[in-house]
Amino acid sequence: MPRPVWSGAVSFGLVTIPIKVMPATEDHSISFRQIHTADGGRIRNRKVCEIEDRVLDPDEIGRAYEASKDQLVAISDQELDDLPLPTAKAIDVEAFVEAERLDPIRFGKPYFLQADGAVAAKPYVLLREALQRSDKVAVAKFAWHNRERLGALRVVGDAIVLQVLHWPDEIRSAEGLAPRAVDISDSEVDEAMALMEAIGGTDISQYRDQYREAVEAVIEAKTAGVEPPEMEAPAEPKGKVVDLMAALQDSVRAAKKSRGEDTGDEAQVHEISGQRPAPKKKAAKKTPAKKASTGGKKTAAKKTSRKRPAS
């Protein structure tokens, strides 16, 4: 289990639950060091005082707020610790709301809450069961690292999770990002929904980080002194869709075929480009041939050609 990042209590009403906070996720991204490309020497970031022009020890470094370009206001750790934060030692539940009322865009990093000691077991399970049966989440305030935060307590499996929430003013406006009015027919929406149904609800646990795996393969090869494996390049996007309905219908057939369902016909690949295909030219009408004035002679000639030679 990971080490606790905070310990305190969850408090709602007169109920207090001693807890330890554990990270609920891990970052498996591959990190790199900066090097001098000419000789492979490592590049290090050093904290240098601009006035004394020397590297500082950690205990010499404080913090300040940049009030203006030429003014830094020094703030000590003690001054921050002395601030009257009611949530400094507790996760205070402020409200219980329906889960669907919380927009996922506000979700930040999740943390597992572990009951701290035998005394915490019963109130921990009590809160968990109440949240599950009511289908609600608890909105709470807490303070970590000299900052007050907002969070949601929700149930994942048998554990209570503290999901950090962004404050409302931290969410940027999406105004002007969506396309302007576009004509979409009901049949197109129905076909899109049919495609959603055909693709189905695949278990997302099967997905993996293929980019990280490719980077690891390159690192392993170069560490062993061999050539890195050749990677298959992804297919290039084909461009703009000309016939949206045809693309949807073909996608539905392809999705069903990939699941082993009988589609009755094969999906067709449509050329995709930025221009609409040129309309097909109509075939010219055939003009009926005029009767030749020598029609009788032609008939006679034909008859003559059919005669068998004299014996």
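A: A residue is called buried when its relative accessible area is under 20%, exposed when it is over 50%, and partly exposed in between (1.4 Å probe, protein chains only). The structure is a predicted model, in which local features need pLDDT of at least 70 and side-chain atom pairs count only at pLDDT 80 or more, while totals for chains, interfaces and linings use all residues. Residues are numbered from 1 along each chain as its sequence is written, and side-chain values use heavy atoms, with hydrogens and water left out.

Q: Where in the protein chain is confidence lowest, and where is it highest?

A: Confidence is read from pLDDT, which the predictor gives to each residue on a scale from 0 to 100. The mean for this protein chain is 81, with 79% of the residues at 70 or more. Strand S11 has the highest confidence, at 96, whereas helix H6 (residues 295–306) has the lowest, at a mean of 42; both elements are DSSP runs numbered from the N terminus (helices H or I, at least four residues; strands E, at least two). Over residues 266–311 pLDDT stays under 50, and the model has 22 contacts beyond four places in sequence for them, a contact being heavy atoms within 4.5 Å.

Q: How many residues of S11 are buried, and which way do they point?

A: In a regular strand the side chains alternate between the two faces of the sheet. In S11, Ala 159, Val 161, Gln 163 and Leu 165 point one way, Ile 160, Leu 162 and Val 164 point the other way, and all are buried. Because 7 of the 7 residues of S11 are buried, the strand is largely enclosed by the rest of the structure.

Q: Which strands pair with S11?

A: Strands count as paired if DSSP finds at least two bridges between them. Strand S8 (residues 107–115) runs antiparallel to S11 and is joined to it by 5 bridges, with Phe 112 having Val 161 as its bridge partner. Strand S10 (residues 147–156) also pairs with S11 in the antiparallel sense, over 7 bridges, and here Gly 151 stands opposite Val 164. The hairpin of S10 and S11 has 2 residues between the strands, and Gly 157 takes a positive phi near 65° there.

Q: How far apart are the closest N and O atoms of Arg 253 and Asp 250?

A: They are 2.1 Å apart in the salt bridge of Arg 253 with Asp 250. Because the two residues are 3 apart in helix H5 (residues 244–258), about one helical turn separates them. Asp 250 is buried, with a relative accessible area of 7%.

How values were computed. Salt bridge = Lys/Arg side-chain N within 4 Å of Asp/Glu carboxyl O.
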